[in-house]
Amino acid sequence: MSEAEELLSTPAEWDLPPERHRHFKDVLMQQIDHDTAVTPRRSRFWRPAVLVPLVSAALTGALLVTLSVDGRGPATGPAPSATAAGASVTLNRIATAAMASDTVRVRDDQFVYVRTLVRENTGTFTGPVRLGAPHTEERWTSQDPGPLRVTGWIRASGKDAIMPDQMIPIESPDPRPAGVDHPTYRWLASLPTDPDALLARLRKEARPVEDESRDQAVFSLIGDLIGGTVMPPANAAAFYQAAAKLPGVREIPDAVDAAGRHGIAITLDDTGFATRDEWIFDKETLALLGSRFYLTDPDRGITTETLAGTSAVMETAVVGGKGEVPARAAAR
């Protein structure tokens, strides 16, 4: 039995939040590519069916769950209340706010630290959604342009966390340079700040899976990048301006992140997919608060769109090394 077949036969008893779904399916697809001698495809960051860094083998039990959600069949749930006309205006307002934010410069020898509050689906693989207790996830992304085998680290803590309090490496069987699967500050700063040029670049980088449209793949890629990195203000603004140009983006007037904070949400409709992501922004400052993830899966009895995961960005900072948190860094 190949390693990919072993992964597929591994039982799983939980679902994961959007970022982990994308990441762990990447692990499986990477192994399938290796076992079948498929020419590697262009990578992207924490998205399905691509070659991104590989989490420790101790997490392979979660891989099958990823296929159940990111394998996405037709969506049948009703669309939430939203406005299409306002989405472009709001995204351009968010871009203006991002442009006015302070510039945080990051050296190649540092790490970007992101702490999020997460609620995951703890229901069984074949059953309905049951959101677990909020828990904390910390992520350290190396800014070394590489190529690197280990591009970052993840640690979760609290009730319903997977492998709590363990530092888990994000590693690849082959060294990876800076890019969509290892988005360093320097690489992000090198991207076009013209939204049309950036959108064209993202359309080339994004790799849709199954029934996913390219616009949905671009939307998800942008969401991964704005939620887990530090970049120059002009680049952040360009990402939001590029998102405003995607057909189907909609504004949702009120959404709540994992920390209970209310904000404005931006989403994108893709009727070929049974999942939908929302980015949530503060109504006053327009800063990114977090995200929500919805699922429709009639085979599991989930016949209407159901909240299957939510997160809240609690802290983003630059630190000197893996395992270091901002408070400790400041005390040195």
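How many residues does helix H4 have, and how far does H4 reach from its first C-alpha to its last? Keep that in mind as you read these legends. The model is predicted: local features need pLDDT of at least 70, side-chain atom pairs count only at pLDDT 80 or more, and totals for chains, interfaces and linings use all residues. Residues are numbered from 1 along each chain as its sequence is written, and side-chain values use heavy atoms, with hydrogens and water left out.

**View 1. Helix H4 and its buried residues.** Helix H4 (residues 85-99) has 15 residues and reaches 22 Å from its first C-alpha to its last, close to the 21 Å expected at 1.5 Å a residue. That expected span is 1.5 Å times one less than the number of residues. Helices (H or I, at least four residues) and strands (E, at least two) are DSSP runs, numbered from the N terminus. The buried residues of H4 are Gly86, Ala87, Thr90, Leu91, Ile94, Ala95 and Ala98. Here, buried means under 20% relative accessible area, exposed over 50%, and partly exposed in between (1.4 Å probe, protein chains only). These buried residues pack against helix H8 (233-244) and the strands E6 (249-256), E7 (262-268) and E8. Contact means heavy atoms within 4.5 Å.

**View 2. The loop between H4 and strand E2.** Is Asp102 buried or exposed? At 69% relative accessibility, Asp102 counts as exposed. In sequence, Asp102 and Pro232 are 130 residues apart, while in space they are 8.6 Å apart, C-alpha to C-alpha.

**View 3. Helices H6 and H7.** Two packed helices are described by the angle between their axes and the distance between the axes. The axes of H6 (residues 195-205) and H7 (residues 214-228) come within 9 Å and cross at roughly 105°. Axes are lines fitted to C-alpha atoms, for helices over the stretch in contact, and angles run from 0 to 180 degrees between N-to-C directions. H6 and H7 are therefore roughly perpendicular to each other, a label for angles of 65 to 115 degrees (under 35 is roughly parallel, over 145 roughly antiparallel, the rest oblique). From H6, the contact is made by Leu199, Leu202, Arg203 and Glu205; from H7, by Arg214, Asp215, Val218, Leu221 and Ile222.

**View 4. Asp215 in helix H7.** Asp215 is buried, with a relative accessible area of 17%. Which residues does Asp215 touch, leaving aside its neighbours within four places in sequence? Asp215 is in contact with Arg203, Leu246, Pro247 and Leu268.

**View 5. A cis peptide bond between Gly146 and Pro147.** Most residues other than glycine have a negative phi, and most peptide bonds are trans. The bond joining Gly146 and Pro147 is cis, with omega about 10°. Pro147 sits in the loop between strands E3 (135-142) and E4 (148-157).

**View 6. Positive phi at Asp160 and at Leu286.** Asp160 is not a glycine, yet has a positive phi of about 70°. You will find Asp160 in the loop between E4 and strand E5 (168-176), where Asp160 is partly exposed, with a relative accessible area of 31%. Leu286 is not a glycine either, and has a positive phi of about 65°. Leu286 lies in the loop between strands E8 (275-282) and E9 (288-297) and counts as buried at 9% relative accessibility.
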